[in-house]
Amino acid sequence: ISEIEVSDSLLDTLLRQVDAEIQDINNELSREANASSPEDLARQIYRLVCHPKIGSLANLDNVSESEFISITAPTISAQERLLLVLLGFPFKDQNRFRVQDEADQPDIGEISFLLRLFRITQAIYQIHPYGADVLVLTDGELYQEVFGVSSVSVTRYAERLKAYRSY
């Protein structure tokens with residue numbers, strides 16, 4: 001199975017669509033609240049990461065608005081960048097009923113997820129001028145033996161994702 005090719009024009013189109021969606025959603029959120037204090041900004045970011053087009057409604061179940069505000073408002077007040085940390089991208093799923101690709105082969109699903117993370121950080125930047133960074137922790141080396149994936153494949157998968165991220 002060969003490496004996927006994603007044209008520059010397709011990525012450019014997707015990024016333009018992301019920009020338009022971010023603008024629409026931030027306009028919607030800014031009509032709801034005039035964010036001036038760190039707590040107001042944190043509340044607006046919470047609504048953003050819980051918005052179905054940017055974040056996920058499932059985030060409403062993960063942390064309450066008041067908890068999110070208590071965690072993020074001090075960082076916003078200190079005029080520092082927010083740090084979003086998540087687990088992901090160990091290697092390509094090896095369930096042959098779902099995927100045909102090898103373990104070292106990212107596909108459009110991973111690219112879509114990277115675009116979603118980019119969209120979230122860009123949307124946060126429009127609310128919090130110091131922005132946000134995303135740190136993805138990968139556990140591929142931990143699980144590679146269980147799934148019969150070589151360390152070379154785990155490394156190559158991460159390198160390919162970084163190449164897409166750096167587009």
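Me: What is the relative accessible area of Asp40?

Reply: This is a predicted model: local features need pLDDT of at least 70, side-chain atom pairs count only at pLDDT 80 or more, and totals for chains, interfaces and linings use all residues. Residues are numbered from 1 along each chain as its sequence is written, and side-chain values use heavy atoms, leaving out hydrogens and water. Buried means under 20% relative accessible area, exposed means over 50%, and partly exposed lies in between (1.4 Å probe, protein chains only). Asp40 counts as partly exposed because its relative accessible area is 25%.

Me: Which residue forms a salt bridge with Asp40?

Reply: Side chains of opposite charge can pair when their charged atoms come close. A salt bridge needs a side-chain nitrogen of Lys or Arg within 4 Å of a carboxyl oxygen of Asp or Glu. For Asp40, the closest N and O atoms are 3.2 Å apart, and the partner is Arg43.

Me: Why are Asp40 and Arg43 separated by about one helical turn?

Reply: Helices are DSSP runs of H or I, at least four residues, and strands are runs of E, at least two, numbered from the N terminus. Asp40 and Arg43 sit about one helical turn apart because they are three residues apart in helix H2 (residues 38-49).

Me: Which helix holds Glu65, the salt-bridge partner of Arg47?

Reply: The side chains of Arg47 and Glu65 meet in a salt bridge, N to O 3.8 Å. This pair links distant parts of the chain, 18 residues apart: Arg47 is in helix H2, and Glu65 is in helix H4 (residues 65-77). So the helix asked for is H4.

Me: How many residues apart in sequence are the parts tied together by Asp133 and Arg81?

Reply: Asp133 and Arg81 form a salt bridge, with the closest N and O atoms 2.8 Å apart. Asp133 lies in strand S2 and Arg81 in the loop between H4 and S1, so the pair ties together parts separated in sequence by 52 residues.

Me: Which strand gives the most residues to the nonpolar patch?

Reply: Patches take residues with over 30% relative accessible area and no salt bridge, joining like charges within 9 Å and nonpolar side chains (Val, Leu, Ile, Met, Phe, Trp, Tyr) within 5 Å. Leu83, Val85, Leu87, Leu135 and Leu137 form this surface patch, with about 480 Å² of accessible area together (Shrake-Rupley method, 1.4 Å probe; for residues, only the protein chains shown count as cover). Strands S1 (82-87) and S2 (132-137) each give two or more residues. The most, three residues, come from S1.
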